[in-house]
Amino acid sequence: MHLRPIASKEEMLLTNRWTRFRFRKDSDRVTYNEVEFRLSDRITIESGRFRVSQRDIDSLMAPLLAPPKRSVRPIRRIAINAGHGGRDPGNMEGRRMEKTLTLDLATDLARHLKAAGLQVVFIRSTDRFIELPERAEAANRSGADLYVSLHFNGFDGPGSDSVQGLETYCLTPAGAPSSNDAQRRGRMAGFEANRFDRENLTLAHQVHRAILDQTPLADRGVRRARFKELTLLKMPGILVEGGYMSHPTDTRLMESRKSRDQLAAAIADGILRHKKLVERGAPE
Ligand SMILES: [Zn+2]
């Protein structure tokens, strides 16, 4: 690949014919083909050279450049988790509740996946409360090949009107800090789901990119977190935060039936792109 500094030398491009990484000095983000990813470690400059940590090379750049080939059976069945439910409403804005929006989105997503010939397992199909570990266990028992958890975000701190857009999460690799962990506490111990680190990232990337391509949601990056439901999975899985309920633009999208269906169609498309990619194992 070619490496070249741009403009002020505060940024660096790493390119070949098909791909383009853009690094920024002191940043914990990188863009890959115009999609944002959170890094485990900030980019530093040492003796005039940009330095990317080995764990970001291993857990982010390598699987993006060479998506893993799936060694187990082809992807046939998708577990869909509508976030929250029952006595847990999730985020609330006025009378709007996250648990209702996630269930609506889950229903739309299932329709698109079935239309594409895939089987669907609902973790919940009604307004009921389920503990997080139980959600992962239900997915494990169902023999699902992938797990997709649906959520909508909320932010009520100062400047909440400036926080909007899509975040897609996959499990943090063992030993690395999670994206939203200000203390950067890495955990050495891994989880069973860390076996799927590379496929988790590919799935997160494909779904995130499909949503950015097909909806007006802003890009807040593919991120890492140790969400309970992801740590216990025995299959690759992601968690999609499809916009901020605290932002008027995102709210308009999630409240419109048409926009929500567009989001569901994009998630389904991302899953199908992922399936194609890991089942044939060819580069993008
Ligand atoms: Zn949620």
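Is strand β15 (residues 237-244) largely enclosed by the rest of the structure or exposed, and why? I looked it up. Eight of the eight residues of β15 are buried, so the strand is largely enclosed by the rest of the structure. Buried means under 20% relative accessible area, exposed over 50%, and partly exposed in between, with a 1.4 Å probe and protein chains only.

**Ground rules**

I am working on a predicted model: local features need pLDDT of at least 70, side-chain atom pairs count only at pLDDT 80 or more, and totals for chains, interfaces and linings use all residues. I number residues from 1 along each chain as its sequence is written, and side-chain values use heavy atoms, with hydrogens and water left out. Helices (H or I, at least four residues) and strands (E, at least two) are DSSP runs, numbered from the N terminus.

**Entry: partners of β15**

I followed β15 to its neighbours. Two strands pair if DSSP finds at least two bridges between them. Strand β12 runs parallel to β15, and six bridges join them. Here Tyr147 stands opposite Gly237 of β15. Strand β13 (residues 166-171) pairs with β15 in the antiparallel sense, over four bridges. There I found Tyr169 opposite Leu239 of β15.

Ala79 is 158 residues from Gly237 along the chain, yet their C-alpha atoms are separated by 9.1 Å. Ala79 lies in strand β8. Ala79 has a relative accessible area of 0%, so it is buried.

**Entry: the zinc ion**

Which residues coordinate the zinc ion? I noted His84 (NE2), Glu98 (OE) and His151 (ND1), at 2.1 Å. Donors are N, O and S atoms within 2.8 Å of the metal (3.2 Å for Na, K and Ca); water is not among the atoms, so sites may look incomplete. The donors follow the spacing H-x13-E-x52-H along the chain. His84 and His151 link distant parts of the chain, 67 residues apart. I placed His84 in the loop between β8 (77-82) and β9 (92-93), and His151 in strand β12 (residues 146-153). Both His84 and His151 are buried.

**Entry: cavities**

On a 1 Å grid over the protein atoms alone, a cavity is a set of points where a 1.4 Å probe fits but cannot get out, and a pocket is an open set with protein on both sides within 12 Å along at least five of seven lines; lining residues have an atom within 4 Å of a point. Grid points are joined across faces, edges and corners, and a volume is the space filled by probe spheres set on the points.

I counted two cavities of 30 Å³ or more. The largest cavity has a volume of about 70 Å³. Its lining includes Phe152, Gly242, Asp250 and Arg260. Helices α6 (248-255) and α7 (257-280) each supply at least two residues of this lining. The largest share, four residues, comes from α7. By class, I noted six nonpolar, four polar and two charged residues. Ala, Val, Leu, Ile, Met, Phe, Trp, Tyr, Cys and Pro count as nonpolar, Asp, Glu, Lys and Arg as charged, and the others, Gly among them, as polar.

Gly242 brought me back to strand β15, where it has its place. Gly242 has 5% relative accessibility, so it counts as buried.

The largest pocket has a volume of about 260 Å³. I found 18 residues in its lining, with Arg70, Val72, Phe196, Glu199 and Pro236 nearest its centre. By class, seven are nonpolar, two polar and nine charged. Which helix gives the largest share of the lining of the largest pocket? It is α4, with three residues.

I then checked α4 (residues 197-214) itself. Its 18 residues reach 26 Å from first C-alpha to last, close to the 26 Å expected at 1.5 Å a residue. The expected span is 1.5 Å times one less than the number of residues. In α4, 15 of the 18 residues are buried, so the helix is largely enclosed by the rest of the structure.

**Entry: the second largest pocket**

About 200 Å³ of space lies here. Elements giving two or more residues to the lining are β2 (11-15), β7 (49-51) and α1 (54-65). The largest share, four residues, comes from α1. I noted 10 nonpolar, no polar and one charged residues in this lining. Among them are Leu3, Phe23 and Arg51.
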